[in-house]
Amino acid sequence: MNFLPADFHAFIDPGCDRCRFIQERLGAAGISTAVIPEGNARHIYVQYPASCYNPMFKIKTVIAHYDRAEGSPGANDNSAAVFQIMDWAARLLQFKSIHNVRIIFSDGEELPGVAELGSYQLANRFRRLGITNDDVYVFDCCGRGDVLIVSDRASVPPGDKRFVRRYSSLIQRARSLASQTSLGRWMTLPVPYSDNAAFMACGIPAAAFTVLPAEEASAYSYALTRGSLSPESVMRCAADVHDRLPLTWRHMHTADDNIDNLTESAFKLMQRLLDNLAQLLTTA
């Protein structure tokens, strides 16, 4: 596992204070952070100088949850994405122009139910502050595989045509990023909700990215096409479909979500995707 950062093992240790770890690691790279408390959750906000932003363009809010299910190392869910984005945050310090990126490491994603998610209160704060025009990109389980997946399912408020337009536009940008990053090696598939569900529930469009091995992505797509799996059962994480989901997802919340199941291909793929995202500027 030479492709993993040397301190990755410390992060997945059962006794790790992951909030403190992230702050200290980013601080050592010269990146300022602030903790946003919301109930029992502690979200970590990455702070860049005002010179990194231009109000003519949309803010790109990038979110990855850093909490993990009890009893699981959480290597893929969601330590991989956290490290990928921490390293990207350091690369953004060397960015030669504006990037309009806002990074938040969220807490409480593993709680049951959308309204219980730590990001639900965070999204509510965004809405109260009038921060509703961001492009929100959620990264979850991005450490295993070689096929980039863009989620294609979301609860869109009925009759809200403006929301539908905004969400459709965001998903199109997410697909364009996927194509630019991995031409011919990406798919649009139903992905069980992550923090994107909380933002969607608060009226803020959000796109979700994940990664799967090619064989798992193909088998999953085929099962959906032939009807042996339904998008609705996947989205609600129905117990009767668990054994037919991709193996990568079946590892989630178990002891099998360990470093042995991570792949270098996923880390290289995510580096390209995030660097492309940094360069994407969309008129506000």
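Me: Cys141, buried or exposed?
Reply: Cys141 is buried, at a relative accessible area of 4%. Buried is under 20% relative accessible area, exposed over 50%, and partly exposed in between, with a 1.4 Å probe and protein chains only. This is a predicted model, where local features need pLDDT of at least 70, side-chain atom pairs count only at pLDDT 80 or more, and totals for chains, interfaces and linings use all residues. Residues are numbered from 1 along each chain as its sequence is written, and side-chain values use heavy atoms, with hydrogens and water left out.

Me: Where does Cys141 lie?
Reply: In the loop between β5 (135-139) and β6 (147-151). Helices (H or I, at least four residues) and strands (E, at least two) are DSSP runs, numbered from the N terminus.

Me: And what about phi of Cys141?
Reply: Positive, about 55°, although Cys141 is not a glycine.

Me: What is phi of His253?
Reply: Near 70°, a positive value, and His253 is not a glycine either. His253 sits in the loop between α9 (247-250) and α10 (264-279). With 42% relative accessibility, His253 is partly exposed.

Me: New topic. Which peptide bond is cis?
Reply: The one from Asp77 to Asn78, with omega near 15°. Asn78 belongs to helix α3, residues 75-92.

Me: Thr282, then. What is Thr282 in contact with?
Reply: Neighbours within four places in sequence aside, Thr282 is in contact with Met56, Phe57, Lys58, Asp135 and Arg173. Contact means heavy atoms within 4.5 Å.

Me: Where is Thr282?
Reply: In the segment after α10. Thr282 is buried, with 17% relative accessible area.
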